[in-house]
Amino acid sequence: MKKLLLMTFLLTSIFAETIGMVKTTKGVVQVKRNNKIIKVSSGYKLEKGDILLTQKSSSMGIIFVDGTRLSLGEKSIVSINKYIYKPSKKNYNIDLNMTKGKASFSSGKIGKLAPKSVKFKVPAGVIGIRGTKFFVEVN
Amino acid sequence: MSISEILFGFRILVQYLVGLFSIIVLCWLMVADLSASVEEEDVEVSTIVLGKSDKSHNAIVVSHQEQLLDIDKTGQYVALSASKPMPKEPKEMSQEEIGERFSDAIDAEPEKAESFMLYFGHDGRTLKAESQDKLSLIIERIQKKSPCIVDVIGHTDTTGSSEQNIAISLKRAEIIKKLLVELNVDSDTLNVKGFGEEDLLVATADNINEERNRNVEIFIK
């Protein structure tokens, strides 16, 4: 019984947690979740594992629950591999992977409290932050 | 010189010219082919630029093939290619070029998150007058940012046990949530959190009666 309760608790905590929100969209903006591609608009709640996609002449901006902001230009792909923001447990992690396109990143509370727990991957390298705003282009 | 000799010479010249022309075409194709393969090599180039930030410490560190490069000045950038080693020094990109190259991403940037602090008197239940006055501004900002996520985070000072303080901080956050819902804020957008003695606004030792730590933070995203 205890195990069952623990499992339900774990499952709900893994699947239901909102880690951020889509704030701006232009053109065709999609999120790939559990191998399904969904067209999204402003107000869409994001979860860990989501992949952000923008089509031609399209763009999107999102905000994570710690205040970290990420926006994508056209024809861009960024996956949210990991995201943990638990200040009461001092547990923080951001792991993003950009495979294509253009992006602007501005750090939030995690960048201030635990900058070393932020990783932004591009095909040829990894960007680590020290409390920051930066732009990325992947061709 | 006979006419046939002139014609023969002319034929040789034409053949020579045709030959020369075909050689030129070949060279051009080879050059085109070369430049095409150069472009292919550059396909996986990633450009990383440090932007302007209002934060006091603005810097990134880029790692590539076990090498590290610090970038700590606005406008500095590095271009990475999978097949080449990382440049030793960052280069400079002008604000105009950044604006042009990243215009669509910049236009899509969401507004910054906003934080408001509400303070309680020592009874721990009622808001101080100036905090009470802030509520209308907070509601205005929530409406302006909607759809948004709003955290209502309770903090305490360090008097009492930490278990007690987590309960107290949650209770204070709940008081504020109730106030905001009464003022027509959608309760679904409000996430109540109690941080207790963790993440103090003003760092103090244990059992210190610090007014500035008896607060609720409204964090609007």
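The model is predicted, so local features need pLDDT of at least 70 and side-chain atom pairs count only at pLDDT 80 or more, while totals for chains, interfaces and linings use all residues. Residues are numbered from 1 along each chain as its sequence is written, and chains are lettered from A and ligands numbered from 1 in the order in which they are written. The model scores ipTM 0.86 and pTM 0.80.

**Interface**

- Contact, defined as C-beta atoms placed from the backbone and lying within 7 Å, links 43 residues of chain A with 40 residues of chain B.
- On the side of chain A that touches chain B, two or more residues come from each of β1 (20–26), β6 (59–64), β7 (69–72), β9 (91–106), β11 (125–129) and β12 (133–138), and β12(A) gives the most, with six residues; helices (H or I, at least four residues) and strands (E, at least two) are DSSP runs numbered from the N terminus.
- Strand β11(A) runs antiparallel to β2 (residues 60–64) of chain B and is joined to it by four bridges, where pairing requires that DSSP finds at least two bridges between the strands.
- Within this pairing, A:Gly128 stands opposite B:Val61 in β2(B).

**Nonpolar core**

- A nonpolar core is a set of buried Ala, Val, Leu, Ile, Met, Phe, Trp, Tyr and Cys residues joined through C-beta atoms within 7 Å, and a residue is buried if 20 or more other C-beta atoms, placed from the backbone, lie within 10 Å of its own.
- The largest such core has 72 residues, and A:Ala103 and A:Phe134 have the most contacts inside it, while β9(A) gives the most to this core, with six residues.
- Not counting residues up to four places away in sequence, A:Phe134 touches A:Phe105 and A:Ile127 as well as B:Ile48, B:Val49, B:Leu50, B:Gly51 and B:Ile60.

**Chain B**

- Chain B has five helices and nine strands, and buried residues make up 27% of its 221 residues.
- An automatic or database domain assignment gives domain 1 (43–107) and domain 2 (114–220) of chain B, whose C-alpha centres lie 38 Å apart.
- Chain B averages a pLDDT (the predictor's confidence in each residue, from 0 to 100) of 82, and 81% of the residues score at least 70.
- Over residues 20–40 of chain B the pLDDT is below 50, and this stretch has zero contacts in the model beyond near neighbours in sequence.
- Where pLDDT is low, the predicted coordinates should not be read in detail.

How values were computed
Contact = placed C-beta atoms within 7 Å. Buried ≥ 20, exposed ≤ 12 C-beta atoms within 10 Å, placed from the backbone.
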